[in-house]
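Here is a short briefing on one protein chain. Look at the sequence and the 3D view first, then work through the points below.

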Amino acid sequence: MSSLSIQDTSEVLRYSVVNFIKKNGTLSFGNECISLDRYRESKKNEVTNDKMNYFLLTKYRSVEENVLFTAKVLYELIDTKSKHVDQLFLEFSDKQGITINLNIERILYLALTFLFSLGKIVFNENMIRKIENEV
């Protein structure tokens with residue numbers, strides 16, 4: 001302890017807090033003292049419970065950036081006759097009241113790919129047609 005040199009009051013406070021924690025093995029929050037082990041466990045739980053759910057919308061994303069929602073709207077817009085991709089995208093922008101940018105166009109193509117993979121639509125060059133499933 002004689003080799004410890006304290007420069008200012010903030011170091012005195014830091015040194016005393018560190019000594020208190022080492023001696024008692026507890027932390028003080030307001031009027032409550034908790035053990036260091038319990039504090040570490042609560043911090044571990046906070047980190048492990050913080051997983052991202054990619055299907056939920058956040059305040060930073062619009063509903064048009066959700067591929068599943070966009071696929072539903074596009075499927076509703078496709079009639080029994082064939083439609084051109086550009087015409088379908090323009091109808092989508094009119095119905096949703098948005099302007100199409102590069103990100104929205106990427107989501108639209110992903111939604112069409114999703115519908116194609118489910119077997120709900122077919123492509124013939126740039127024409128898209130809905131497949132009527134007979135049950």
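Which residues in α3 meet which residues in α4? F69, T70, V73, L74, E76 and L77 in α3 meet L88, E91, F92, K95 and Q96 in α4. Contact here means heavy atoms within 4.5 Å.

This is a predicted model: local features need pLDDT of at least 70, side-chain atom pairs count only at pLDDT 80 or more, and totals for chains, interfaces and linings use all residues. Residues are numbered from 1 along each chain as its sequence is written, and side-chain values use heavy atoms, with hydrogens and water left out.

**The chain overall**

- The chain has five helices and five strands. Helices (H or I, at least four residues) and strands (E, at least two) are DSSP runs, numbered from the N terminus.
- Along the sequence, the pattern reads α-β-β-α-α-β-α-α-β-β.
- The chain has 135 residues, and 20% of them count as buried. Buried means under 20% relative accessible area, exposed means over 50%, and partly exposed lies in between (1.4 Å probe, protein chains only).
- Take the contacts in the chain with a separation of 6 or more: 40% of them are between residues 24 or more positions apart.

**Helix α3**

- Helix α3 covers residues 67-77, and its buried residues are T70, A71, V73, L74 and L77.
- Seen down the axis of α3, these buried residues fall within an arc of 165°, so they line one face of the helix. The arc is taken from the directions from the helix axis to the C-beta atoms.
- The buried residues of α3 pack against β3 (83-84), α4 (85-96) and α5 (102-118).
- At the start of α3, a side-chain oxygen of N66 comes to within 3.1 Å of the backbone nitrogen of L68.

**How the helices cross**

- The axes of α3 and α4 come within 10 Å and cross at roughly 110°. That makes α3 roughly perpendicular to α4.
- Axes are lines fitted to C-alpha atoms, for helices over the stretch in contact, and angles run from 0 to 180 degrees between N-to-C directions. Angles under 35 degrees count as roughly parallel, over 145 as roughly antiparallel, 65 to 115 as roughly perpendicular and the rest as oblique.
- The crossing of α3 and α4 is right-handed. Right-handed means that the near helix is turned clockwise from the far one by less than a right angle; left-handed means anticlockwise.
- The axes of α4 and α5 come within 12 Å and cross at roughly 115°. In this contact, V85, L88, F89 and F92 of α4 meet I104, E105, L108, Y109 and L112 of α5.

- L74 sits in helix α3. L74 is buried, with a relative accessible area of 0%. Beyond its neighbours within four places in sequence, L74 is in contact with L88, F92, L108, A111, L112 and L115.
- S93 belongs to helix α4. S93 counts as buried, at 8% relative accessibility. A polar atom of its side chain lies 2.8 Å from the backbone oxygen of L90. Not counting residues up to four places away in sequence, S93 touches I98 and I100.
- N126 lies in the loop between β4 (121-124) and β5 (127-130). N126 is partly exposed, with a relative accessible area of 45%. N126 and K83 are 43 residues apart in sequence, yet 8.2 Å apart in space, C-alpha to C-alpha. Leaving aside neighbours within four places in sequence, N126 is in contact with K83, H84 and V85.

Conventions:
A polar contact is a pair of N or O atoms within 3.5 Å; within protein, one must be able to donate a hydrogen and the other to accept it, and residues adjacent in sequence count only if both atoms are side-chain atoms.
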